[in-house]
Amino acid sequence: MGLGGCIILIAVGAILTFATDWHMQGVNLDLVGVILMIVGLIGVVTFSSMAKRRRVVIPGQTTVVEDDETRSGYRGGYGA
């Protein structure tokens with residue numbers, strides 16, 4: 001489940017908890033909404049911790065070779 005799915009769970013849970021006044025026999029919609037919000041928050045925390053691990057960059061070894069022409073300025077071309 002991605003970040004978007006987690007945010008949708010939080011939004012649906014908040015709607016069920018705070019914006020509805022439906023009453024169903026045998027189902028407490030406020031509790032269902034709170035559970036959905038908690039699951040969404042756990043998903044956001046899990047997703048962000050996994051994304052943080054993916055961003056770790058191990059620096060590679062790159063060899064840079066500089067020519068005398070590039071260090072002393074532009075030579076050749078127009079106006080040379």
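Where does Met1 lie in relation to α1? In this predicted model, Met1 belongs to the segment before α1. The residue is exposed, because its relative accessible area is 66%, and exposed means over 50%. Met1 also takes part in a nonpolar surface patch, which is made together with Leu31, Ile35 and Val39 and covers about 400 Å².

Helix α1 itself comprises residues 3-19, and Thr17 has its place there. Leu16 is likewise found in helix α1. The relative accessibility of Leu16 is 14%, and the residue therefore counts as buried. Thr17 has a relative accessibility of 15% and so counts as buried too; the cut-off for this class is under 20% relative accessible area.

When neighbours within four places in sequence are left aside, Leu16 is in contact with Leu29, Asp30, Val32, Gly33 and Leu36. Between Leu16 and Asn28, the C-alpha to C-alpha separation in space is 9.8 Å, while in sequence these residues are twelve residues apart.

For Thr17, residues up to four places away in sequence are again not counted, and the residues touched are Asp30, Gly33, Val34 and Met37. The side chain of Thr17 additionally has a polar atom that lies 2.8 Å from the backbone oxygen of Gly13.

Conventions:
Residues numbered from 1 in each chain as written. Predicted model: local features only at pLDDT ≥ 70, side-chain atom pairs only at ≥ 80, totals over all residues. Heavy atoms only, no water. Helix = DSSP H or I, 4+ residues; strand = E, 2+ residues; numbered from the N terminus. Buried < 20%, exposed > 50% of the residue type's maximum accessible area, 1.4 Å probe, protein only. Polar contact = N/O pair within 3.5 Å; in protein donor to acceptor, adjacent residues only side chain to side chain. Contact = heavy atoms within 4.5 Å. Patch = residues over 30% accessible without salt bridge, like charges linked within 9 Å, V, L, I, M, F, W, Y side chains within 5 Å. Areas by Shrake-Rupley, 256 points an atom, 1.4 Å probe, with all protein chains shown as cover. Salt bridge = Lys/Arg side-chain N within 4 Å of Asp/Glu carboxyl O.
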